[in-house]
Amino acid sequence: MPFNRAEQLASVDAEPLDESVLPPLSELSRAQVDSLGTVRASLEAEAKAYALQLTELAALGWRAQQAGGGALRSLPMELAGSWQISQLTAERWIGEAERFRDALPCTLQLLGEGRLLRHQALAVRQELDPCTPQVASAVEAEVLPAGAGLCPTDLRRQLKRVRLRIETDWRARKQVFTVE
């Protein structure tokens, strides 16, 4: 049974909520709502910046790989020196960026649009790290973008459920082909 958040939400064609029937918000409540809107905008901006960073790091990694030899070895050192981070951290960031680019393109796209927040994207990556890029792409295509509205814990649960189902299906298909 595929995860479909759209079934849980009200129809887009439904009539908009008439706010005139709701009691008016107090000034404190209005300030809290405005504050939450500001926090949400800040988180969306952070997600977009993170997506841009991942895209640029993946592009740098690709260029260094195409150049070969010394360029591939020196890239983490150059990043570490210019960003004042350890070389190990730079290598980890490059690997993470390449994983997002290769195995999690939908996650990277939603992150860039601000529809998926950074902590949700990290939950997707962590849950799908053990998978092959093909399995990871298939899982994220099924769970996202509908799952983008979930908290990281619920998102992990959905990802794990779909990942286990897809991996089981792929193993069963592989066994059928090897038997024939």
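This is a predicted model: local features need pLDDT of at least 70, side-chain atom pairs count only at pLDDT 80 or more; totals for chains, interfaces and linings use all residues.
Residues are numbered from 1 along each chain as its sequence is written. Local features need pLDDT of at least 70, side-chain atom pairs count only at pLDDT 80 or more, and totals for chains, interfaces and linings use all residues, while side-chain values use heavy atoms, without hydrogens and water.

Helix H2 spans residues 70-83 and helix H3 residues 87-103; helices are DSSP runs (H or I, at least four residues) numbered from the N terminus. Their axes come within 8 Å and cross at roughly 115°, where axes are lines fitted to C-alpha atoms over the stretch in contact and angles run from 0 to 180 degrees between N-to-C directions. H2 is therefore roughly perpendicular to H3 (65 to 115 degrees).

From H2, Leu75, Pro76, Met77, Leu79, Ala80 and Trp83 meet Gln87, Ala90, Glu91, Trp93 and Ile94 of H3 (contact means heavy atoms within 4.5 Å).

Two aromatic pairs are present (ring centres within 6.5 Å, using the six-membered ring of Trp). Tyr50 and Phe100 are edge-to-face (planes over 60 degrees apart), at 6.3 Å centre to centre and 85° between the planes. Tyr50 belongs to helix H1 (residues 27-67) and Phe100 to H3, so this pair ties together parts 50 residues apart in sequence. Tyr50 is buried at 4% relative accessible area, and Phe100 is buried at 0% (buried means under 20%, with a 1.4 Å probe and protein chains only).

Conventions
Helices (H or I, at least four residues) and strands (E, at least two) are DSSP runs, numbered from the N terminus. Angles under 35 degrees count as roughly parallel, over 145 as roughly antiparallel, 65 to 115 as roughly perpendicular and the rest as oblique. Rings of Phe, Tyr and Trp (its six-membered ring) pair if their centres lie within 6.5 Å; planes under 30 degrees apart count as stacked, over 60 as edge-to-face and the rest as tilted. Buried means under 20% relative accessible area, exposed over 50%, partly exposed in between (1.4 Å probe, protein chains only).
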